[in-house]
Every structure is written in structure tokens, then in C-alpha cells.
Amino acid sequence: MDITFKCPACEQELEVDASGAGSEIECPSCGTPIIIPAPPAEAAAPTPETVLNPIATSAAAKEEKHFKVPTGKAPVQALIKKASRPLEFAAQESDRVLRIKTIRRSECLEFGKDKFDETVTEILQKIGEKHILGLYPVSYSHIDPTSQKLVEDYGLIIYFRG
């Protein structure tokens, strides 16, 4: 029967044969001297788990595992790139840089409904009035890929600090 307990210094879970109760060992993780506690009274009798689960008493279950975290000499390389900050947070920074946001009306059409005004209002609120440097309306034309006709459209360019 094995005794399972934790190192009082590093909380490493340890498992020792019950015959070692009362003897002193060093924690394999941190090296702190530990006195192996006595097995709990209810653990002395075989439990239904140990009777029904022969793997729990196998040699593989008692195998001692020591894992080490690999360390490298090269500098750490970021594998995941940080996402751009949302406008409402970028606009609140103290070290502001000049930014631009272009909104085209054709990109604000949803199921035939024009949401240009709502989109512009939402973006302006996120940026904040005190950070806006300029609003410049633009008109442009482009060829519609489906009809192959020249389409006139408009939009808005917003210059802001953020």
C-alpha cells in the first residue's frame, strides 16, 4: 500500500510505500527534508477502487516521474502576434500617434439598408471627440464587379490621435 502526501515546502505530490512511514527523505523537487507521514487509518484496508482497478497497484502507476522544463540559450521568439488594440483603447493612450480611419458607404450596406450614419457615429464615439483632428468627406467611383457598371459612392476619412 502506498502513502500519498505533499511536500510542505513546494506542494509537490509524493507517493511512498507504506513501509517507509516515519522515515526521513528529501523532496525530489526542492530538496527539503520530509518525514513520511503514517498512512491514514481508513487507507489500511483495501478500497473498492484498488480492488476493482488493478492498474492503480501496477508497477507503471508507481513509476516515479521527474519532469524538467527545457531551457534554451537563444532569445524567446514570439509565435503568436499581439492583436491590434481596439479604437476605444488606442484613443485613450497617453503616447498618441496619428491615425486614420476610412469608412466607405458601400461597406455599410446590410440587406439593402444603409447603416453609414450608425457606423460613423459608433466609430466617432469610440475615438472620442477630443482625439479627432479632422473629418473629411470623400466621393469616389469604382466599377461594380457584378454589373460591370461605373458606380458613384461616398465615404468619410477620420484623422485622430490614438
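Q: Thanks! What should I know about the model and the numbering?
A: This is a predicted model, where local features need pLDDT of at least 70 and side-chain atom pairs count only at pLDDT 80 or more, while totals for chains, interfaces and linings use all residues. Residues are numbered from 1 along each chain as its sequence is written, and side-chain values use heavy atoms, with hydrogens and water left out.

Q: Great. How many helices and strands are there?
A: The protein has 4 helices and 9 strands. Both are DSSP runs numbered from the N terminus: helices are H or I with at least four residues, strands are E with at least two. Starting at the N terminus, the order is β-β-β-β-α-α-α-β-β-β-α-β-β.

Q: And what share of the residues is buried?
A: Of the 162 residues, 18% count as buried. Buried means under 20% relative accessible area, exposed means over 50%, and partly exposed is in between, with a 1.4 Å probe and protein chains only.

Q: What about the surface as a whole?
A: The protein exposes about 12,900 Å², and carbon and sulfur atoms supply 56% of that. These areas come from the Shrake-Rupley method with a 1.4 Å probe; for residues, only the protein chains shown count as cover.

Q: Which residues make the nonpolar surface patch?
A: Leu 98, Ile 100, Leu 133, Tyr 136 and Tyr 159 make it, over about 500 Å². For a patch, residues need over 30% relative accessible area and no salt bridge; nonpolar side chains (Val, Leu, Ile, Met, Phe, Trp, Tyr) are joined within 5 Å, and like charges within 9 Å. Strand S5 (98-104) and strand S8 (132-143) each supply at least two of the patch residues.

Q: Where does Tyr 159 sit?
A: Tyr 159 is in strand S9. Its relative accessible area is 33%, so Tyr 159 is partly exposed.

Q: Switching to charges: how many salt bridges are there?
A: The count comes to 4 salt bridges. The rule asks for a side-chain nitrogen of Lys or Arg within 4 Å of a carboxyl oxygen of Asp or Glu.

Q: Why would such side chains pair at all?
A: Side chains of opposite charge can pair when their charged atoms come close.

Q: OK, which residues pair up here?
A: One of the pairs is Arg 104 with Glu 107, at 2.7 Å from N to O. Arg 104 is partly exposed at 38%, whereas Glu 107 is exposed at 51%. Another is Lys 126 with Glu 122, whose closest N and O atoms are 3.5 Å apart. Those two are separated by about one helical turn, because they are 4 residues apart in helix H4.

Q: Which residues are linked in a network of salt bridges?
A: Arg 105, Asp 114 and Asp 153 are linked that way. Between Arg 105 and Asp 114, the closest N and O atoms are 3.3 Å apart.

Q: Is Asp 153 buried or exposed?
A: Asp 153 counts as buried, because its relative accessibility is 6%. Asp 153 belongs to strand S9 (residues 150-161).

Q: What else does Asp 153 touch?
A: Leaving aside neighbours within four places in sequence, Asp 153 is in contact with Arg 105, Ser 106, Val 138, Ser 139 and Tyr 140. Contact here means heavy atoms within 4.5 Å. A polar atom of the Asp 153 side chain also lies 3.1 Å from the backbone nitrogen of Ser 106.

Q: Now the helix side. Where is Thr 119, and what does its side chain reach?
A: Thr 119 is in helix H4 (residues 116-127). Its side chain reaches the backbone oxygen of Lys 115 at 2.7 Å. Beyond residues up to four places away in sequence, Thr 119 touches Ile 103 and Cys 108.

Q: Last topic, cysteines. How many disulfides does a search of the whole structure find?
A: The search finds 0 disulfides. Cys 27 is in none, and the nearest cysteine sulfur, that of Cys 10, is 3.7 Å away. Cys 30 is in no disulfide either, with the sulfur of Cys 7 nearest at 3.8 Å. The cut-off for a disulfide is a pair of cysteine sulfur atoms within 2.5 Å.

Q: And how accessible are Cys 27 and Cys 30?
A: Cys 27 is buried, with a relative accessible area of 3%. Cys 30 is partly exposed, at 39%.

Key:
A polar contact is a pair of N or O atoms within 3.5 Å; within protein, one must be able to donate a hydrogen and the other to accept it, and residues adjacent in sequence count only if both atoms are side-chain atoms.
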